[in-house]
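Let's take a friendly walk through this protein. Have the sequence and the 3D view ready, and follow along.

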Amino acid sequence: STTLLWFRRDLRLGDHPALLAAHDAAGPDGDVLPVFVFDDRLYGPSGEPRRRFLLDCLSALDEDLDGALVLRSGNPADVLPALVREVGATSVHISADAGPYGRRRDAAVEQALGDVPLARTGSPYLVTPGRVTKRDGSPFQVFSPFARAWREHGWRAPAHFPDGARWRTGVRSDDPPPAPELRGVVLPPAGERAGLAAWARFRDERLLGYAEGRNLPGTDGTSRLSAYLKYGCVHPRTLLADLAAQDDGGEAVRRYTDELAWRDFYADVLWHRPESAREYLKPELQGMGYDSGPDAEALVRAWETGRTGFPLVDAGMRQLLGEAYVHNRVRMIVASFLVKDLHQEWTRGARYFMQHLVDGDLASNQHGWQWVAGTGTDASPYYRVFNPITQGKKFDPDGTYVKRWVPELRDLDAEHVHEPWTAPGGIPAGYPEPVVDHAHERQVSLDRYARVRAG
Ligand code: FAD
């Protein structure tokens, strides 16, 4: 028989349990029809870098499928039952989605398919969201105990590629939507082979220095795998299986595993509390005061365009516009600046990030923002305000990162690059003065925080 493999955030052929399940269900004489559905509810609102990367991933996947990938457009709850009837498919196979929209959509598709089963096998995560709980069955609210339980739970071995897999061919495909033109944004090469190659380079050249290098935005210290993980060009299980096969790398491997645990943790939080994509995890901070009006808007515009006069913040925001990516430490610093120096609600920054990031992911992004804003899963008992100057001196000591993204500051030495207003010749031409006084805004933020906590 024919079975459908409905691709979503799993745009690869290797280590793909749902593909294996579709193949097994088709039987030795059957075939599998691979399909991707452009769902307007998801595709339309995605930022341009993500749309472009997705289209490129689909082209790469189609190439690996020898041209068998079928594209359809519309509401999956209409499109899939119609396709099932068209080809006489006996089952539809997916990797489970953990996000609020994806879960609703899959339930609607399941219902619309009637007697034809929708089989969920695997998920984009090491441990399927919702599986790791406290002993009493309640969800974890804090990362460290989650990560401990998550490691104890463990994950399955990578899935092999099915022997004798056959793809159904000759089925009509819709044209993909037009690719957005990216003006001046350089994206990584898309698809499974590119993702695995990026991984191999990181593993062989940079993994050993990861524990320290991951915090230094001026070095190429991290894996840059987030967009591949987001679209499932690579599964995290494949990466950890590969690391388990290395004889050495102790601390680096532990740190890298921890970062993948954060990804699973945030997906787990979103699974248990789907409303946390918009609402504060700490509702007591819901009444926090924010700034509005023309002056506040001008400051937000300075943040968006990398013209705040704070070098590390500006470098980060310009990296966002140049590569649709920002180094993790710098994401924390620019997010803190928007919320705690410019007094904007985290949801606004999260929206801007989702528009511009190629790895934009609802769980990691919204909860990354909530963590920085102090409304989320941060376990620390105090209100953390990042200082962009001391962070710059500590994590970009020679200013390599700042100078890469802020050419106006290229001639400053390490001593002045994070405080250009202290340079002997003054602020270099073309670079703005700081738009706010950090010490003052920090205090404003702390006061508002104290007020809202006091009720
Ligand atoms: P590496 O250091 O090589 O880490 C490997 C992988 O672990 C990453 O690819 C990612 O999948 C995962 N990971 C690492 N750090 C985190 C983290 N803090 N939270 C969740 N997963 C993590 N990550 C996204 O994938 N999409 C987002 O939209 C996103 N938005 C963020 C917004 C804010 C405000 C903050 C503070 C962080 C956000 N992150 C997001 C997490 C993190 O910044 C990126 O995953 C990381 O920078 C990607 O670079 P890398 O692949 O080189 O990371």
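Helices here are DSSP runs of H or I with at least four residues, strands are runs of E with at least two, and both are numbered from the N terminus. This is a predicted model, where local features need pLDDT of at least 70 and side-chain atom pairs count only at pLDDT 80 or more, while totals for chains, interfaces and linings use all residues. Residues are numbered from 1 along each chain as its sequence is written.

How many residues surround the ligand? There are 27, and the closest are T222, S223, S226, N365 and G368. To count as near, a residue needs its C-beta atom, placed from the backbone, within 6 Å of the molecule. By class, the shell has 11 nonpolar, eight polar and eight charged residues. Here Ala, Val, Leu, Ile, Met, Phe, Trp, Tyr, Cys and Pro count as nonpolar, Asp, Glu, Lys and Arg as charged, and the others, Gly among them, as polar.

## Domains and where they touch

The chain splits into domain 1 (2–123), domain 2 (125–156 + 191–272) and domain 3 (283–454), with bounds from an automatic or database domain assignment. So why does the ligand lie between domain 2 and domain 3? Because both of these domains give residues to the shell around the ligand.

The centres of domain 2 and domain 3, taken over C-alpha atoms, are 26 Å apart.

## Two crossing helices

Now look at α11 again, this time together with α6 (143–153). Their axes come within 10 Å and cross at roughly 105 degrees. Axes are lines fitted to C-alpha atoms, for helices over the stretch in contact, and angles run from 0 to 180 degrees between N-to-C directions. α6 and α11 are therefore roughly perpendicular to each other (65 to 115 degrees; under 35 would be roughly parallel, over 145 roughly antiparallel, and the rest oblique).

Which residues meet here? F143, F146, A147 and W150 in α6 touch D258, A261, W262, D264, F265 and D268 in α11. This contact has seven nonpolar, no polar and three charged residues.

## The parallel sheet

Five strands make an open sheet in the order β3-β2-β1-β4-β5, with parallel pairing. Two strands pair if DSSP finds at least two bridges between them. At the edges are β3 (70–73) and β5 (118–120), each pairing on one side only. Neighbouring strands are turned by 30 degrees against each other on average, direction ignored.

β4 (89–94) and β5 pair over three bridges: H93 stands opposite A119, and I94 stands opposite R120. Four bridges join β1 to the parallel β4, where L5 has H93 as its bridge partner.

Conventions: Contact = placed C-beta atoms within 7 Å.
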